Each structure stands twice: as C-alpha cells, then as structure tokens.
Amino acid sequence: VDWMIALAVTGGATEFLMTGPISSHGGGNSTHGLLLLAGFLLLDGFTSTFQEKLFKEHTTSKYNQMVYINLGSAIISSTTLTASGRMGSAVAFSRAHPAFLLDAGMLSAAAVGAQWFIYSQVK
C-alpha cells in the first residue's frame with residue numbers, strides 16, 4: 001500500500017511538471033528544479049522507510065530520533081553556511097531583522113510539533 005501511494009504521488013508530481021509550463025521568468029533552470037524535486041522525493045521516501053526500519057529493529061525512541069535528526073540538520077546547515085562564506089551575512093540579517101528570529105522560532109516550533117505527530121504515526 002505504501003509503495004502504491006508513493007507511486008501515485010510521484011506520478012502526479014511528474015504529470016504536473018511534464019504537462020504544464022514550468023519555465024521561470026527570472027532566468028532559472030527548469031532542469032535543475034526537476035532534479036532537485038526528484039532528489040527530494042527519493043530522499044523523502046528513503047527517510048520514512050529507514051525510520052520505520054529503525055523503530056522495528058532497534059529500541060529507539062521517537063525522542064532520540066528527533067534529537068539526532070534535528071542535530072544532524074543543524075550541523076549540515078551550519079557547515080553549508082560556513083563553507084559558502086555566508087554565515088556572517090546570515091547572522092547580520094538576523095541582527096538587522098529581529099522579527100525574523102521570532103518568525104523562525106515559530107516555524108521551528110510548528111515543525112517540531114508536526115515532526116512529533118509524524119513520528120507518533122510511524123511508530
């Protein structure tokens with residue numbers, strides 16, 4: 001059943017992208033966007049399958065998985081910002097726009113809540 005749902009979602013997204021105009025007026029690259037979408041769908045499918053496997057084969061709590069997934073994401077994001085030389089401009093933007101930190105905090109809180117409900121359904 002899971003594979004059928006994944007196939008239907010992937011087929012729908014592919015049909016949407018292949019049958020309509022997807023060109024960007026800002027000079028973007030549609031092929032690049034399609035590759036990013038395909039990568040996202042592939043990794044998203046792998047993630048849910050792997051999490052389900054971890055829950056079944058190991059005694060991992062959903063809280064442990066949430067901590068490690070979010071810690072890994074924070075490390076990857078920080079490393080990417082630092083490697084690209086944009087960490088300073090990101091911090092400067094946050095200092096110049098204090099409302100951004102509030103909005104980012106609310107978005108993060110909503111994401112944690114959603115993540116908790118998703119893990120509750122998977123386990």
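Predicted model: local features only at pLDDT ≥ 70, side-chain atom pairs only at ≥ 80, totals over all residues.
The mean pLDDT over the chain is 84, and 92% of the residues score at least 70. Among the elements of the chain, α4 has the highest mean pLDDT, at 95, whereas α2 has the lowest, at 80.

Helix α3 covers residues 62-83, which makes 22 residues, and from its first C-alpha to its last it reaches 31 Å, close to the 32 Å expected at 1.5 Å a residue. Which residues of α3 are buried? They are Lys 62, Gln 65 and Met 66. Viewed down the axis of α3, these buried residues fall within an arc of 100 degrees, and so they line one face of the helix. On the other side of α3 we find Val 67, Tyr 68, Thr 82 and Ala 83, which are exposed. Just after α3 ends, Gly 85 takes a positive phi of about 75 degrees.

Helix α1 can be set beside this. With 18 residues, α1 reaches 26 Å from its first C-alpha to its last, close to the 26 Å expected at 1.5 Å a residue. It is hardly covered, however, for the count of buried residues among the 18 residues of α1 is one.

The largest pocket has a volume of about 1100 Å³. Its lining is made up of 27 residues, and the closest to the centre of the pocket are Asp 44, Gly 45, Phe 46, Ser 48 and Thr 49. The elements that give two or more residues to this lining are α1 (2-19), α2 (30-57), α3 and α5 (98-122), and of these α2 gives the most, with 10 residues. By class, the lining of the largest pocket divides into 14 nonpolar, 10 polar and three charged residues.

Thr 49 deserves a moment of its own. This residue is in helix α2, and with a relative accessible area of 45% Thr 49 is partly exposed. Its C-alpha atom is separated by 9.6 Å from that of Asp 2, which is 47 residues apart from Thr 49 along the chain.

What is the volume of the second largest pocket? About 360 Å³ of space lies there. Of the 14 residues that line the second largest pocket, Ser 73, Ala 74, Ser 77, Ala 104 and Ser 108 lie nearest its centre. The elements that give two or more residues to this lining are α3, α4 (87-96) and α5, with α5 giving the most, at seven residues. The lining of the second largest pocket holds eight nonpolar and six polar residues, and no charged residues.

To close, I would return to α3 and α5, each of which gives two or more residues to the lining of the largest pocket and likewise to the lining of the second largest pocket.

How values were computed
Residues numbered from 1 in each chain as written. Heavy atoms only, no water. Helix = DSSP H or I, 4+ residues; strand = E, 2+ residues; numbered from the N terminus. Expected span 1.5 Å × (residues − 1). Buried < 20%, exposed > 50% of the residue type's maximum accessible area, 1.4 Å probe, protein only. Arc of directions from axis to C-beta. 1 Å grid on protein atoms, 1.4 Å probe; cavity = no way out; pocket = protein on both sides within 12 Å on 5 of 7 lines; lining within 4 Å. Points joined across faces, edges and corners; volume = space filled by probe spheres on them. Nonpolar A, V, L, I, M, F, W, Y, C, P; charged D, E, K, R; others polar. pLDDT = per-residue confidence, 0-100.
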